[in-house]
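Subject: Structure for your review

Dear colleague,

Please find below the structure that I am handing over to you.

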Amino acid sequence: MCVRRILLPLGGASHAQSALHVGGVIARMFDAHLAVLHVGTDMQEVGPLVGEGMSGVMVQDMISTALKESSERLHEVRGLFDAFTRRENIPVVAVDSPLSPGNMHALSASFIAHSGHTRSVVSFQARLSDIVVLRQPNPEGDVSSSETLHAILFESGRGVIIAPPVAPPTIGKRICIGWNGTSEAASAIHHALPLLRRAEAVCILYSPAYQRPGPEARPVRSFLSLHGIEANIHEFGSDTRPVGEEMLAAAHDFNADMLVMGAYSHSRLRQMILGGVTRHMLENSDIVVLMSR
């Protein structure tokens, strides 16, 4: 398994520098292609916002404002992409031009501007990518970035690497695996295998309070060894702090720069209402997190 295409959806400037940095580092690791995707406003999305009783002038003003703001966001994101690829010396290729056979394993990037329903466009693009890099959702109300994350997790079958707000100094050198025996955790390991093989140290984090029906930590270590990956097991947990908080603290104790874990082994609705490990990581992690379902 190798990483050839990395998708990076970017709707605006918030946390964009960190996401671009993470995407660029991973692309350089594998001499991969980084596809930065911006989804602009579509008229079919604006239309339903128009209510009954609104005059033609009001409708036109609403549409004009939405399209202007969409154009400004596109211009801003494209500027960030251009500055990033110049600074990092990453060749930019045309989206509709296949790479020549001699350059199939060369570092490159492209910018895709698309209009349409954001959730559909992102999930469709993600299905033909090896992995997706995304900025951390803003817990204070960045609904669009959260919906993009959930579209990838629930509708693409891909793993998603979530970049923290501040670009990390290293990525993938010391990796922790948050293991709980679920199919989601197993999927995360599968998507992380290329990174785990390159890591200098790997640690499986295990807690009886986090474990669900399924294999425990020792079989995971045996599975990883078949792939040439040596891992330690660390049991964490206490009766005083939530599992998510304890897991992140254990990752910090290991000096991890990446955490691999399954997402929403409890239902998304339950996590939204009551909290959970996934929600805690999405709102609080200051290291890169690879999640999968």
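I begin with strand β7, residues 201-206, which is largely enclosed by the rest of the structure because six of its six residues are buried. Both of its faces are covered: Ala 201, Cys 203 and Leu 205 lie on one side, Val 202, Ile 204 and Tyr 206 lie on the other, and all of these are buried. In general, the side chains of a regular strand alternate between the two faces of the sheet. Please bear in mind throughout that this is a predicted model.

Overall composition

The protein has 10 helices and 10 strands. Of its 293 residues, 48% count as buried. Among contacts between residues at least 6 apart in sequence, 80% join residues at least 24 apart.

The sheet

The 10 strands of the open sheet follow the order β3-β2-β1-β4-β5-β10-β9-β6-β7-β8, and their pairing is mixed. At the edges are β3 (108-115) and β8 (232-235), each of which pairs on one side only. From one strand to the next, the twist averages 25°.

Within this sheet, β7 pairs with β6 in the parallel sense over six bridges. In that pairing, Ile 175 stands opposite Val 202 of β7. Strand β6 (residues 174-179) also pairs with β9, again in the parallel sense, over four bridges.

Strand β9 covers residues 258-262 and is mostly covered, with five of its five residues buried. Met 258, Val 260 and Gly 262 point one way from this strand, while Leu 259 and Met 261 point the other way; all are buried. Gly 262 stands opposite Ser 292 of β10.

A residue that links helix and sheet

Ala 192 is part of helix α6, which comprises residues 183-198. Is Ala 192 buried or exposed? With a relative accessibility of 0%, Ala 192 counts as buried, because the cut-off for that class is under 20%. Leaving aside neighbours within four places in sequence, the contacts of Ala 192 are with Val 260 and Leu 290. Val 260 is one of the buried residues of β9. In sequence, Ala 192 and Ser 292 are 100 residues apart, yet in space they are 9.5 Å apart, C-alpha to C-alpha.

Helix packing

Two pairs of helices deserve a description. In one, α6 packs with helix α7 (residues 217-226) at an angle of about 50°, with the axes 12 Å apart. That angle makes α6 oblique to α7. The contact is made by Ile 189, Leu 193 and Leu 196 from α6, together with Val 220, Phe 223 and Leu 224 from α7. The crossing of α6 past α7 is right-handed.

In the other, helix α8 (residues 243-253) packs with helix α10 (residues 277-284) at an angle of about 55°, and their axes are 8 Å apart. α8 is therefore oblique to α10. α8 passes α10 in a right-handed crossing. On the α8 side, Val 243, Gly 244, Glu 245, Met 247 and Leu 248 take part; they meet Val 277, His 280, Met 281 and Asn 284 of α10.

Helix α10 also has a relation to the sheet: α10 lies across β5 (160-163), β9 and β10, and runs at about 150° to β9.

Helix α1

Which residues of helix α1 are buried? This helix spans residues 16-30, has 15 residues and reaches 21 Å from its first C-alpha to its last, close to the 21 Å expected at 1.5 Å a residue. The helix is mostly covered, as 11 of its 15 residues are buried. These are Ala 16, Ser 18, Ala 19, Leu 20, Val 22, Gly 23, Gly 24, Ile 26, Ala 27, Met 29 and Phe 30. An α-helix has 3.6 residues a turn, so residues three or four places apart point the same way. Just after α1, Asp 31 adopts a positive phi of about 50°.

With kind regards

Key. Residues numbered from 1 in each chain as written. Predicted model: local features only at pLDDT ≥ 70, side-chain atom pairs only at ≥ 80, totals over all residues. Heavy atoms only, no water. Buried < 20%, exposed > 50% of the residue type's maximum accessible area, 1.4 Å probe, protein only. Pairing = 2+ DSSP bridges. Expected span 1.5 Å × (residues − 1). Contact = heavy atoms within 4.5 Å. Axes fitted to C-alpha atoms, helices over the stretch in contact; angles between N-to-C directions. Parallel < 35°, antiparallel > 145°, perpendicular 65-115°, else oblique. Left-handed = near helix turned anticlockwise from the far one by under 90°.
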